[in-house]
Amino acid sequence: MDIHIQGLDNVMKDLRKARDEIQEKAYVVLKEKADDIVDDMKMAVPIRTMKLFSTIRARVSRKKLIASIYAGGKVKGVNVDYATYVEFGTRRKSKKNKKEIYTKAQPFFYPAARKHEKDVERRLKNVVLNAIK
C-alpha cells in the first residue's frame, strides 16, 4: 500500500526556502546587534592606554548563527588579559599590613550585552514568524 500526499513537494520546497531566508535574515540581525553591543562596550570601557578598547570585537558565524563578543586576550601581538578585572574589580589583602587593597569594578561588557538582549530576541522571533507566514 502506497500513500501519496499531494503537494508535499511544494511544501518541502517552501520549507527549504523559509529555512534559507531565516538563516540569512537572522545572520543580519546578529551581525547588526553584535556591532551595536561592541559600540556600546567601547563607549563604556575605561580608557587609559587604549589596549583593552582595541581588543573589543565581535564574530558572527553565518553557518551556526552564533554571535561571539570578546574583550581582552591577545590581539595584534598584544596580550590584554585584564578585561575581567576591569569588569568585576579586584580585592586582595596587602602582605605588609593585611589591609584590603581593591580596584573598583567598572562594568562595560555585561551592561552593553544586557541592554540589547530583548531587542535581539524580539527581532529574531520576528524573522522566524515572518518567514513562516
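A residue counts as buried when its relative accessible area is under 20%, as exposed when over 50%, and as partly exposed in between. By that cut-off Lys33, at 6% relative accessibility, is buried. The structure is a predicted model. Lys33 belongs to a network of salt bridges that also links Asp36, Asp119 and Arg122. The largest nonpolar core has eleven residues, and a second, separate core has five.

**Salt-bridge network**

- Ten salt bridges are found in a search of the whole structure.
- Lys33 lies in helix α1, which covers residues 8-44.
- The Lys33 side chain forms a salt bridge with that of Asp36, at 3.4 Å from N to O.
- Asp36 and Lys33 are three residues apart in helix α1, so about one helical turn separates them.
- Arg122 and Asp119 meet through their side chains in another salt bridge, with an N to O distance of 2.5 Å.
- This pair sits in helix α4 (residues 109-131), where Arg122 and Asp119 are three residues apart, about one turn of the helix.
- Arg122 is partly exposed because its relative accessibility is 46%, and Asp119 is partly exposed at 22%.
- Beyond its neighbours within four places in sequence, Lys33 is in contact with His116, Asp119, Val120 and Arg123.

**A salt bridge between sequence neighbours**

- The side chains of Arg19 and Asp20 form a salt bridge of 3.3 Å, N to O.
- Arg19 has 48% relative accessibility and so counts as partly exposed.
- Asp20 is also partly exposed, because its relative accessible area is 41%.

**Nonpolar cores**

- In soluble globular proteins, nonpolar side chains tend to be buried together.
- The largest core here is made of Ile37, Val38, Met41, Val45, Leu52, Ile56, Val80, Ala83, Val86, Phe108 and Ala112.
- Helices α1 and α3 (83-88) each supply at least two residues of this core.
- The greatest contribution to this core comes from α1, with three residues.
- Val80, a member of this core, is in contact with Lys51, Leu52, Thr55, Gly72 and Gly73 when neighbours within four places in sequence are left aside.
- The second, separate core has five residues, among them Leu30, Ala34, Val60 and Val120.
- Val120 of this second core is also one of the contacts of Lys33.

**Nonpolar surface patch**

- Leu8, Val11, Met12 and Leu15 make a nonpolar surface patch of about 340 Å².
- Leu15, one of the patch residues, is found in helix α1.

**Strands β5 and β6**

- Strand β5 (residues 90-93) and strand β6 (residues 100-103) run antiparallel and are joined by four bridges.
- Across the pair, Arg91 stands opposite Tyr102 in β6.
- The hairpin formed by β5 and β6 has six residues between the strands, and Lys98 in this hairpin takes a positive phi near 60°.

Key. Residues are numbered from 1 along each chain as its sequence is written. This is a predicted model: local features need pLDDT of at least 70, side-chain atom pairs count only at pLDDT 80 or more; totals for chains, interfaces and linings use all residues. Side-chain values use heavy atoms; hydrogens and water are left out. Patches are made of residues with over 30% relative accessible area and no salt bridge: like charges are joined within 9 Å, nonpolar side chains (Val, Leu, Ile, Met, Phe, Trp, Tyr) within 5 Å. Accessible areas come from the Shrake-Rupley method with a 1.4 Å probe; for residues, only the protein chains shown count as cover. A salt bridge is a side-chain nitrogen of Lys or Arg within 4 Å of a carboxyl oxygen of Asp or Glu. A nonpolar core is a set of buried Ala, Val, Leu, Ile, Met, Phe, Trp, Tyr and Cys residues joined through side-chain atoms within 4.5 Å. Buried means under 20% relative accessible area, exposed over 50%, partly exposed in between (1.4 Å probe, protein chains only). Contact means heavy atoms within 4.5 Å. Two strands pair if DSSP finds at least two bridges between them.
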